[in-house]
Amino acid sequence: MRPGPTWPTTLECGDLVLRPIRYRDKREWTEVRSRNREWLEPWEASNPAPGGLLPDYRQMVRSLKIQAAQGTALPFLITERTPRSAAPAIVGQLTVSSIVWGSAMMATLGYWVDQARAGHGIAPTSVALATDHCFQVLGLHRMEINIRPENGPSLRVVEKLGFRDEGYRPRFLHINGEWADHRTFALTAEEVPEGLLNRWLASRS
């Protein structure tokens, strides 16, 4: 059973704000992505079709908005309040996708963070915020994250948050122009009765 309308929604923890991605974010989003091209390119999804291209920004947002309206995705931007900006600045993106209702009640989560802000707890805090929302508000049961074995920073995120390593998936996704192996990590609602964010923040104190 699906819950009632729960999108759009905004999630906050201190100076960190997860909010829906918008068409008018294009200029700032493009600037952040351009600045982080080398940092992100090795982990970027690609189109396996011969000559296949990825959607442009407007196409991406349109697709994400449709998925959100259908209840199959939660497309967030990760933003951060700073003394230098009037509005929270974009520092990354987090998408909960492949939401399955019924007897599965599960989803997959993916994210990226500006290299200049990496190592400040932004990725694990964002993942914890989104996971708690999915478990506590949407009523989902399982969250899954798939990571390239070579992606050390992302592996550290799931390690910090206590996601279980469920094993190796050969040639799982098309990444940066080739079919790439991944490791699957997962967490179920029963494993974090106190909330993932509470557990993560407590581990930092």
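Predicted model: local features only at pLDDT ≥ 70, side-chain atom pairs only at ≥ 80, totals over all residues.
Start with the big picture. Eight strands make up an open sheet, and they follow the order β1-β2-β3-β4-β5-β6-β8-β7. The pairing in this sheet is mixed. At the edges you will find β1 (11-13) and β7 (164-175), each of which pairs on one side only. On average, neighbouring strands are turned by 25° against each other, with direction ignored.

Now let us look at some pairs of neighbours. The table lists three of them, each with its number of bridges.

| Strand pair | Bridges | Direction |
|---|---|---|
| β2 (residues 16-20) and β3 (residues 74-80) | five bridges | antiparallel |
| β3 and β4 | seven bridges | antiparallel |
| β4 and β5 | seven bridges | antiparallel |

You can pick out single residues that face each other across these pairs. Valine 17 stands opposite threonine 79 in β3. Isoleucine 78 has glycine 92 in β4 as its bridge partner. Further along, serine 97 is found opposite threonine 108 in β5. The strands β4 and β5 also form a hairpin, with five residues between them. In that turn sits glycine 102, whose phi is positive at about 65°.

**A closer look at glycine 92**

Glycine 92 belongs to strand β4. Is this glycine 92 buried or exposed? Its relative accessibility is 0%, so glycine 92 counts as buried. Apart from neighbours within four places in sequence, glycine 92 is in contact with Leu77, Ile78, Trp112 and Val113. Glycine 51 lies 41 residues away from glycine 92 along the chain, and the C-alpha atoms of the two are separated by 28 Å.

**The helix across the sheet**

Helix α4 (residues 122-137) lies across β1, β2, β3, β4 (89-100), β5 (106-113), β6 (142-147) and β8 (178-188). Relative to β5, helix α4 runs at about 155°.

Which residues does histidine 133 contact, leaving aside its neighbours within four places in sequence? They are Thr6, Thr9, Leu11, Leu74 and Leu138.

Methods: Residues numbered from 1 in each chain as written. Heavy atoms only, no water. Pairing = 2+ DSSP bridges. Helix = DSSP H or I, 4+ residues; strand = E, 2+ residues; numbered from the N terminus. Axes fitted to C-alpha atoms, helices over the stretch in contact; angles between N-to-C directions. Contact = heavy atoms within 4.5 Å. Buried < 20%, exposed > 50% of the residue type's maximum accessible area, 1.4 Å probe, protein only.
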